[in-house]
Amino acid sequence: PEHPWIWGASGAELVCVSWDAQKDYVKSSGLAEDRILVTGQPSLDRLALGDRQKQDLKAALTRKYGFDASLPLVMCAVPQHVEHEMVDSAQGRQIEGNFFAVLARGNLPLLLSLHPRANRVFYRPVASTYGLPIADERLVEILPAADLLIGSFSSTLRWAIALGIPAIS
């Protein structure tokens, strides 16, 4: 293909994809099936915890962040409007302020998770305004403990679905 964003367009002998739907997508772009290998995504294997490990993780997070253990634990994969240059910083602060205000009204334990490349300094003041803690841990390490994920269109929704965790986008 003319477009370098197509998997395999660089002439690679083999292209690895995470699941069958990705394989179908890559095939539809013209890559021969014998050059596509479904491998899964080993970096996400840590999401697959046993029930006891999930309970222990949830208990540890509940203690660390001072949540009520009797309530469902909600996690939010915070959208990156500013980082993706969808809006400028001023608009981003307004969007995040409105978003965090709505989240805080839920009166449930809610843990914000930032993308590893997100600027914590940007999000910290508005999160603090609404009493929402930002997780120190990466979402891939703590998501199994969640009872609900709130996120935008991203891989985090796929993770939640694979774990059987309800997700709102």
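**Group meeting talk: salt bridges and cores**

Hi everyone, let's start with a pair of side chains: Lys64 and Asp136 meet in a salt bridge, at 3.0 Å from N to O. By salt bridge I mean a side-chain nitrogen of Lys or Arg within 4 Å of a carboxyl oxygen of Asp or Glu. Lys64 lies in helix 2 and Asp136 in the loop between helix 4 (120-129) and helix 5, so the pair ties together parts that are 72 residues apart in sequence. Helices here are DSSP runs of H or I with at least four residues, strands are runs of E with at least two, and both are numbered from the N terminus.

A quick word on what we are looking at. This is a predicted model, where local features need pLDDT of at least 70 and side-chain atom pairs count only at pLDDT 80 or more, while totals for chains, interfaces and linings use all residues. Residues are numbered from 1 along each chain as its sequence is written, and side-chain values use heavy atoms, with hydrogens and water left out.

Back to our pair: are the two partners buried or exposed? Buried means under 20% relative accessible area, exposed over 50%, and partly exposed in between, using a 1.4 Å probe and protein chains only. Lys64 is partly exposed at 44%, and Asp136 counts as exposed at 53%. Through shared partners, salt bridges join Lys64, Arg120, Asp136 and Glu137 into one network.

The structure holds seven salt bridges. Among them, Glu33 pairs with Lys23 at 3.3 Å, N to O. Glu33 sits in the loop between helix 1 (20-28) and strand 2 (36-38), and Lys23 is in helix 1, 10 residues apart. Glu33 also meets Lys27 in a salt bridge, at 3.5 Å from N to O. Because its relative accessibility is 18%, Lys23 counts as buried, whereas Lys27 is partly exposed at 32%.

Now for the inside. A nonpolar core is a set of buried Ala, Val, Leu, Ile, Met, Phe, Trp, Tyr and Cys residues joined through side-chain atoms within 4.5 Å. The largest one has 22 residues, and those touching the most other members include Leu61, Met75 and Leu143. Helix 2 (51-65), strand 3 (74-77), helix 5 (139-142) and helix 6 (155-163) each supply at least two residues of this core.

What does Leu143 contact, leaving aside its neighbours within four places in sequence? Counting heavy atoms within 4.5 Å as contact, its partners include Leu47, Met75, Trp159 and Ile165.
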